[in-house]
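Let's take a friendly walk through this structure, with the sequence and the 3D view side by side. Please have both open before you read on.

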Amino acid sequence: MNKITRRNFINGTLMAAGASMFPFGCTSNAVLDSLNPLYYPPALTGLRGSHPGSNTHAHSRTWDKKSNWGPITDLKEEYNLIVVGGGISGLSAAYFYLQKHGNDKKVLILDNHDDFGGHAKRNEHTINGKTRLSYGGSQTLVDPHTGGALINNLLTELGIDLERFKTAYDRDFFKKNSLSAVTYFNKETFGEDKVVNHPFCNYPNYVEGLPGAKISNKEAVQQAPLSEKGKKQLLQVLNGGLHKLKVPKAELQEYISTHSYFDYLKNTLGVDDPGVMKMARNSGLDWASTGTDLMTIASAKSCGALGFAPVAVYDENNPYIHHFPDGNAGLARALVKKMIPHIGKGNNAEELVLLKFKYNELDKSSNIVRIRLNSTVVNVQHGGDPKNSSEVFVNYISENKSYQVKSKGVVMACYNMMIPHIVTDLPLEQAAALRLQTKSPLQYTTVGLKNWRAIKEIGMGLAMSPGKMHQAVLMDFPVSIGGYEYTKTPDDPCVIQMISCPYGTIGAPRAEQFREARYKMLGLQFKDYEKEIRGHLSSMLPKGSFNFDRDVESITVNRWAHGYAVGGPGNSTKIGRQPFERITIANSDSAPSADALVAIKMAYRAVNELG
Ligand SMILES: Cc1cc2nc3c(=O)[nH]c(=O)nc-3n(C[C@H](O)[C@H](O)[C@H](O)COP(=O)(O)OP(=O)(O)OC[C@H]3O[C@@H](n4cnc5c(N)ncnc54)[C@H](O)[C@@H]3O)c2cc1C
């Protein structure tokens, strides 16, 4: 069996769109000490992720080339380090800087979102008075034991005990509850709403402890709502057909690495059934940075797309269990707690799981590290000639007002492709390389349910849902830690995840598909998502035991128009991330790799490059 890891891939409760960028009625974050004590973004539902308003100024800068932001207020604040971007990389950069230069050094972290953590986003749902936790993006620490000394030391310093997850993650949960990987065929696409106890692909295999198909390929194909011809074709695909390629054995690897998966399905296996092709297209999800229509046969094989046997995702030494109930927000919060101790009480990451952080502590003038939210950086420039300069000026917009702060050095831990629009005097070759970096769009929707009796009834641990906006729906990871208890019985509230990996027009180049999918995603309003989710769940779950209005408490749609890091061609990522005098570049984009541990490593490098 091949071995791959997930690293290879690569708004109020029903608050309507148009929600305020400052839903707590807080005033500008620019001159803080003034955040409303009620400011608590993790509890917001509705449109989250890159929430409405968060990208407005960045898009004005990049799309409209806006440079006149009105009168600039010089805050007369001077820092040793300013970090642009408060994701895992930006937070780590601040942490490493203090470690290296002493924790009396003043650091400011600026982020355009209303919460810190970037993709590592905590989602809280209050259901029947109980707080249920989930994650809106960066999900699990991938292979953390292989991170080396830097990661090991950091995790230890933050009080993250990897051993603890061995018992915190209940690997028996799915078996105990007879939940497995299934496929939901929807009526609009397949003519009938039907759940079949077979995933038809490898995707669900990353959920540790989740059983796969309950029935044989043959039985599953018989149950699939396809025409007789479609069933025949599906069975043929499932039975495998690499042997049908008229290629000498010695050349097979080369052939499958250079030929299209879709061409193989169509031309070698003779598939023309639209239902089977739809299943194929949705069988890779986010395992590679493209849909299966752009994959080679080898990529489709390595991610276990339709027609390829399941591949081992993790082995015993690297189980996919290092997951806080709020995902990698657990890591982001541990970093923040270390640097801003007054944020709340707790001695290690586990003790922070249930803690409601005091957001009004983030930007106190007395802090060594200040985190300023809702602040989009639009210009970063050395004072005078970059080579001889001793200072960098940083301009940002908060509540439509323009502010300036100053620092001895800056780490750009934001999206790499945005940097040339902010640091406008970068060397031309570097700026051009940065513009080639991109990110794939993704959406993680979390839904708070008052009970999961209907899910139990159909035995659904994870439902592949070809043809739906959310191509996978799953029970959350069964993790109980730090006083947080995962749902115990189907009568208890829980949060389910609905994953959407939006694609563009079949066959269009990757970057175009990203753009098309991104615009479509951002063009929708909360009511559109709610309608889609209502339709999906109501048609998939048994009518007798599920009623959307009765059973759904809350919906949080985490939209990431700029999700997984996807590197540009050739050497462009390396050229792009070069230090530019007092400005250096972090973020997982700089690797590039959609991986929290890599985001940390990029931060470490960027801090050291500052000297
Ligand atoms: C849906 C999803 C699921 C994922 N799952 C996993 C997983 O399971 N495991 C894993 O290891 N990784 C996962 N990742 C990858 C994830 O990208 C990394 O884990 C990590 O969170 C990246 O951190 P970062 O700091 O590099 O970037 P980000 O988290 O993107 O942080 C950058 C921050 O900079 C801000 N910013 C950008 N421009 C500006 C500006 N001009 N001014 C101010 N701020 C700005 C951004 O808005 C953002 O808040 C996932 C990503 C997504 C989207």
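This is a predicted model: local features need pLDDT of at least 70, side-chain atom pairs count only at pLDDT 80 or more; totals for chains, interfaces and linings use all residues.

Start with the open sheet of eight strands, whose order is β1-β16-β12-β15-β14-β13-β6-β7, with mixed pairing. At the edges stand β1 (46–49) and β7 (194–196); each has a single partner strand, so one side of each is left without a neighbour in the sheet. On average, neighbouring strands here are turned by 25° against each other, direction ignored. Within the sheet, β14 (residues 472–475) and β15 (residues 494–500) pair in the antiparallel sense over four bridges, and V473 stands opposite M498 in β15.

Now turn to helix α18, which lies across β12 (438–449) and β16 (552–566) and runs at about 35° to β12.

Next come the rings: the whole structure holds 24 aromatic pairs. In one of them, the ring centres of W63 and Y519 are 6.2 Å apart and the planes are at 70°, so this pair is edge-to-face. W63 sits in the loop between α1 (56–62) and β2 (72–84), while Y519 belongs to helix α18 (residues 510–523), 456 residues apart. Y519 counts as partly exposed, at 47% relative accessibility.

F116 and Y359 make a stacked pair, because their ring centres are 5.6 Å apart and their planes are at 20°. Both F116 and Y359 are buried.

Ring pairs also link Y135, Y169, Y203, Y206, Y320, Y444 and F477 into a cluster. Finally, find R333: its charged end sits over the ring of F357, 4.1 Å from the ring's centre.

Methods:
Residues are numbered from 1 along each chain as its sequence is written. Side-chain values use heavy atoms; hydrogens and water are left out. Rings of Phe, Tyr and Trp (its six-membered ring) pair if their centres lie within 6.5 Å; planes under 30 degrees apart count as stacked, over 60 as edge-to-face and the rest as tilted. Helices (H or I, at least four residues) and strands (E, at least two) are DSSP runs, numbered from the N terminus. Buried means under 20% relative accessible area, exposed over 50%, partly exposed in between (1.4 Å probe, protein chains only). A charge sits over a ring if NZ of Lys or CZ of Arg is within 6 Å of the ring centre and within 35 degrees of the ring normal. Two strands pair if DSSP finds at least two bridges between them. Axes are lines fitted to C-alpha atoms, for helices over the stretch in contact, and angles run from 0 to 180 degrees between N-to-C directions. Contact means heavy atoms within 4.5 Å.
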